[in-house]
Amino acid sequence: MIGLAHYLVLAGLLFCIGLLGAVAKRNAIAVFMGVELMLNSVNLNLVAFNRFLHPAFLGGQAFAIFVIVVAAAEVSVGLAIILALYRRKANTSLDEIDLLKW
Amino acid sequence: MLGVIFFYVFAAAVVIGALAMVFTKNLVHAALFMAGTFLMIAFLYILMGADYVGAVQILVYVGAISILFVFGIMLTKRDRIEDSNRFNRYGPAATVVAGLLFASIVLTAVGTTFANAPPPTGDSTIQTIAGIFLSDYVLAFEFAGILLLAALVGAIVIGKGQLSRKPRVAVQGSSGGDTPGGGGPSKGGER
């Protein structure tokens with residue numbers, strides 16, 4: 001029988017893959033993809049906890065939808081920032097975009 | 001029994017898609033694998049009885065965010081696209097950190113005994129979630145709307161770029177200037 005631990009291990013693996021993509025990628029858009037993967041794994045955790053621990057009240061699913069809303073807003077603004085940066089520097093490599101690095 | 005098979009099939013698809021997304025060298029292929037991963041996660045939601053979250057996942061992630069990523073990739077292409085998704089110099093260290101984090105998560109999740117609720121009845125969750133949004137979480141719901149509006153305006157303002165350019169101002173300043181009729185069309189042409 002599939003229990004909560006199965007979903008937790010799956011979400012943990014997904015989070016770690018997303019972390020690897022977010023930390024170790026050179027392209028800014030690839031880093032964004034890793035962040036999206038991490039947000040998705042957290043959503044999977046929320047829905048799984050709601051399903052297995054407290055299925056009567058669907059607060060976990062509502063929270064997952066809030067996370068999806070924030071992720072959509074983050075992606076739209078983040079891609080706009082990357083486009084503006086590309087227009088200015090003709091580059092999306094994070095190794096060479098270090099204006100704010102001290 | 002069928003649920004167990006479905007879980008393992010979808011979980012394997014999710015993990016394979018995520019690994020392919022991170023380790024492929026072509027950024028467009030990475031976006032495609034990301035869309036497939038999101039679709040499989042939506043199936044997992046539906047398998048857990050969360051049909052509305054699964055539908056929102058398909059609509060927002062697979063339908064909108066993946067396409068937005070493809071737009072971003074196409075508009076910022078620089079070198080050859082086959083070589084656009086490289087690791088930086090922190091690749092080995094990040095692999096070690098992610099592996100250690102995954103090991104700790106597995107140890108914690110396997111070593112804990114959780115409650116196991118009975119499977120969901122199969123009713124639609126839309127009415128319950130709508131009731132939660134408009135009663136318990138109504139303030140957060142309104143703030144989510146404000147956040148979406150702010151993100152919409154912010155994305156337009158940031159992505160719009162500069163409106164008036166310097167050569168245009170120079171042409172306008174050299175041609176017009178003495179008659180007010182000459183200033184009218186040039187001002188109308190300026191967006």
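**Starting from one serine**

Modeller: Happy to. Let us begin with A:S41, which sits in helix 2 of chain A. Keep in mind as we go that this is a predicted model.

Is A:S41 buried or exposed? A:S41 counts as buried, because 23 C-beta neighbours lie inside 10 Å, and the cut-off for being buried is 20 or more. Setting aside residues up to four places away in sequence, A:S41 touches A:A11, A:L14, A:F15 and A:G18. For a sense of scale, take A:T92, which is 51 residues from A:S41 in sequence: the two C-alpha atoms are 26 Å apart in space.

One of the partners of A:S41 is A:L14, so let us step across to that residue, because A:L14 is buried too, with 26 other C-beta atoms within 10 Å. A:L14 belongs to helix 1 of chain A. Again leaving out residues up to four places away in sequence, A:L14 touches A:L37, A:N40, A:S41 and A:L44, and also B:V14 and B:A18 of the other chain. The largest nonpolar core has 71 residues, and A:L14, A:I29, A:M33, A:L44, A:V47 and A:A48 are the members that touch the most others.

Take A:M33 from that group. Apart from neighbours within four places in sequence, A:M33 is in contact with A:G21 in its own chain and with B:M21, B:A30, B:M34 and B:F69 in chain B.

Now let us go back to helix 2 of chain A and look at the helices packed against it. Two packed helices are described by the angle between their axes and the distance between the axes. For helix 2 and helix 3 of chain A, the angle is about 175 degrees and the axes are 9 Å apart. These two helices are therefore roughly antiparallel to each other, since angles over 145 degrees count that way. On the helix 2 side, the residues making the contact include A:I29, A:F32, A:L39, A:V42 and A:V47, and on the helix 3 side they include A:F63, A:A64, A:V67, A:I68 and A:I82. Sorted by class, this contact has 15 nonpolar, six polar and one charged residues.

Helix 2 of chain A also packs with helix 2 of chain B, at an angle of about 5 degrees and with the axes 11 Å apart. That makes the pair roughly parallel, because angles under 35 degrees fall in that class. Here A:I29, A:A30, A:M33, A:E36, A:N40, A:L44 and A:V47 meet B:L27, B:A30, B:M34, B:F38, B:I41, B:L44 and B:Y45. By class, the contact has 12 nonpolar, one polar and one charged residues.

In total, 61 residues of chain A are in contact with 70 residues of chain B. On the chain A side, helix 1 (4–24), helix 2 (28–53) and helix 3 (59–89) each give two or more residues. The largest share, 22 residues, comes from helix 3 of chain A. The side of chain A that touches chain B has 44 nonpolar, 11 polar and six charged residues.

What lies across the boundary? Chain B has eight helices and zero strands. Of its 191 residues, 21% count as buried. Among contacts in chain B between residues at least 6 apart in sequence, 59% join residues at least 24 apart.

Within chain B, helix 2 (residues 27–47) packs with helix 3 (residues 51–75) at about 175 degrees, with the axes 8 Å apart. These helices are therefore roughly antiparallel to each other. Among the residues that meet there are B:M34 and B:F38 from helix 2 and B:F69 and B:V70 from helix 3. The contact divides into 18 nonpolar, three polar and one charged.

How values were computed. Residues are numbered from 1 along each chain as its sequence is written. Chains are lettered from A and ligands numbered from 1 in the order in which they are written. This is a predicted model: local features need pLDDT of at least 70, side-chain atom pairs count only at pLDDT 80 or more; totals for chains, interfaces and linings use all residues. Two residues are in contact if their C-beta atoms, placed from the backbone, lie within 7 Å. Helices (H or I, at least four residues) and strands (E, at least two) are DSSP runs, numbered from the N terminus. Ala, Val, Leu, Ile, Met, Phe, Trp, Tyr, Cys and Pro count as nonpolar, Asp, Glu, Lys and Arg as charged, and the others, Gly among them, as polar. A residue is buried if 20 or more other C-beta atoms lie within 10 Å of its own, exposed if 12 or fewer, and partly exposed in between; C-beta atoms are placed from the backbone. A nonpolar core is a set of buried Ala, Val, Leu, Ile, Met, Phe, Trp, Tyr and Cys residues joined through C-beta atoms within 7 Å. Axes are lines fitted to C-alpha atoms, for helices over the stretch in contact, and angles run from 0 to 180 degrees between N-to-C directions. Angles under 35 degrees count as roughly parallel, over 145 as roughly antiparallel, 65 to 115 as roughly perpendicular and the rest as oblique.
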